[in-house]
Amino acid sequence: MANYVVAGTGTTTTALIRNPHRKSSSAAQSSSHLALHFTQNRSYLRRTSKTFRPIYASVSSSPAPVTKPDDLVDSILSKVMQTDRGVLLKREEHKKVAEVAQELQRFCVDEPVKCPLIFGEWDVVYCSNPTSPGGGYRSAFGRLFFKTNEMIQVVEAPDIIRNKVAFSLFGFLDGEVSLKGKLNVLDEKWIQVIFEPPELKVGGLDFQYGGESEVKLEITYIDEKIRLGKGSRGSLFVFQRR
């Protein structure tokens, strides 16, 4: 309670002033209820923390499957067969062949030029550059007249290589172009072959023309079934044993 004098009247007025720092009974009860509720929640958390425990699980990631050389060999052969030795492939398909060849290179034997598996008869089943094997006979213009029937490379011990391209001229006249070369080992992977002038046989004709030629080839993979090579200009070759 407080007494106030109203100015000019001399009258004393009594007023009831509520203390702002004093809580009402309802507010006190509410605060008490909240405190009790908070205390109960803390007690509940302490009890449940003893009940629940973290669970740890380890997940072991299985290693990526390792592709076997045999699978890669089958893959590259499936991509190049029935493609006229790569002529019919599109750019993206050539790229896929190169990717498989790159994978196979990881499994190549040490010093492949010394591996006895290089000897024997091989079919040239693919070349990334159609004119690399066969020269002009395999160019876009040459293929209009010469249909390639066989493309064979024979590697004879110790250092002889024979290349042969068998063709059909205008679809009915058979012929072949052959080259004989001497193999020189440059290092553990690279070989050089110096070829004599090519020999052409068409019908009853048989003659040599042109001059000597030279190629360099890196052996990037070899096994009992296939041999991969890369020319000095980057052409990729796939040979399949006959």
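## Helix α3

In this predicted model, helix α3 covers residues 91-105, and its 15 residues reach 21 Å from the first C-alpha to the last. That is close to the 21 Å expected at 1.5 Å a residue, the expected span being 1.5 Å times one less than the number of residues. Helices are DSSP runs of H or I with at least four residues, and strands are runs of E with at least two, numbered from the N terminus.

Residues H94, V97, V100, A101 and L104 of α3 are buried, that is, under 20% relative accessible area with a 1.4 Å probe and protein chains only. They lie on the same side of α3 because they cover an arc of only 120° around the axis, taken from the directions from the helix axis to the C-beta atoms. An α-helix has 3.6 residues a turn, so residues three or four places apart point the same way.

The buried residues of α3 pack against α2 (69-80), β3 (120-127), β10 (213-222), β11 (226-231) and β12 (236-241); contact means heavy atoms within 4.5 Å. R91 and E92, on the face turned away from the buried side, are exposed, meaning over 50% relative accessible area.

## The chain as a whole

The protein chain has 3 helices and 12 strands. Of its 242 residues, 30% are buried.

## Basis

Residues are numbered from 1 along each chain as its sequence is written, and side-chain values use heavy atoms, without hydrogens and water. Local features need pLDDT of at least 70 and side-chain atom pairs count only at pLDDT 80 or more, while totals for chains, interfaces and linings use all residues.
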